[in-house]
Amino acid sequence: MDYEAHERTYEGFINFSKVGTIAALNVMLCLIMFGFGGSVATIFGWLMLIATIVASSIGLALGATGWIPPAAVFVVTGLLAILTV
């Protein structure tokens, strides 16, 4: 049993779960913007969807604090959704 490899795998799984959950919530907000917003909301939705992909990639590379970039994009997307929908 390689306990150190097990710990790294577990930490990677937990990090992926955090980043993936926040990214999924952000995609839901973008879908709300697409469905219920006007043309400005659609443009912001696409921009924030691209930002989600970039922030999630950065978050997966960061490790234990990787949930912070997608969470920041989620907050900005939420504010834009409130303003445009």
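Throughout these legends, contact means heavy atoms within 4.5 Å. The model shown in each view is a predicted one.

**View A. The contacts of Val 73.** Leaving aside residues up to four places away in sequence, Val 73 touches Asn 26, Met 48, Ala 51, Thr 52 and Ala 55. Among these partners, take a second look at Met 48 and Ala 55: along with Val 73, they return in the next view as members of the largest nonpolar core.

**View B. The largest nonpolar core.** Here you can pick out 10 residues: Leu 29, Cys 30, Met 33, Ala 41, Met 48, Leu 49, Ala 55, Val 73, Leu 80 and Ala 81. At least two residues of this core come from each of H1, H2 and helix H3 (68–84). H2 gives the largest share, with 4 residues.

View C. Phe 34 belongs to helix H1 (residues 3–36) and Trp 46 to helix H2 (residues 39–62), so the pair ties together parts that are 12 residues apart in sequence. With a relative accessible area of 25%, Phe 34 is partly exposed, because values between 20% and 50% fall in that class.

**View D. A nonpolar patch on the surface.** Ile 50, Val 54, Ile 58 and Leu 62 make up this patch, and together they have about 360 Å² of accessible area. One of them, Ile 58, is found in helix H2. Ile 58 counts as partly exposed, at 43% relative accessibility.

Key: Residues are numbered from 1 along each chain as its sequence is written. This is a predicted model: local features need pLDDT of at least 70, side-chain atom pairs count only at pLDDT 80 or more; totals for chains, interfaces and linings use all residues. Side-chain values use heavy atoms; hydrogens and water are left out. Buried means under 20% relative accessible area, exposed over 50%, partly exposed in between (1.4 Å probe, protein chains only). A nonpolar core is a set of buried Ala, Val, Leu, Ile, Met, Phe, Trp, Tyr and Cys residues joined through side-chain atoms within 4.5 Å. Patches are made of residues with over 30% relative accessible area and no salt bridge: like charges are joined within 9 Å, nonpolar side chains (Val, Leu, Ile, Met, Phe, Trp, Tyr) within 5 Å. Accessible areas come from the Shrake-Rupley method with a 1.4 Å probe; for residues, only the protein chains shown count as cover. A salt bridge is a side-chain nitrogen of Lys or Arg within 4 Å of a carboxyl oxygen of Asp or Glu.
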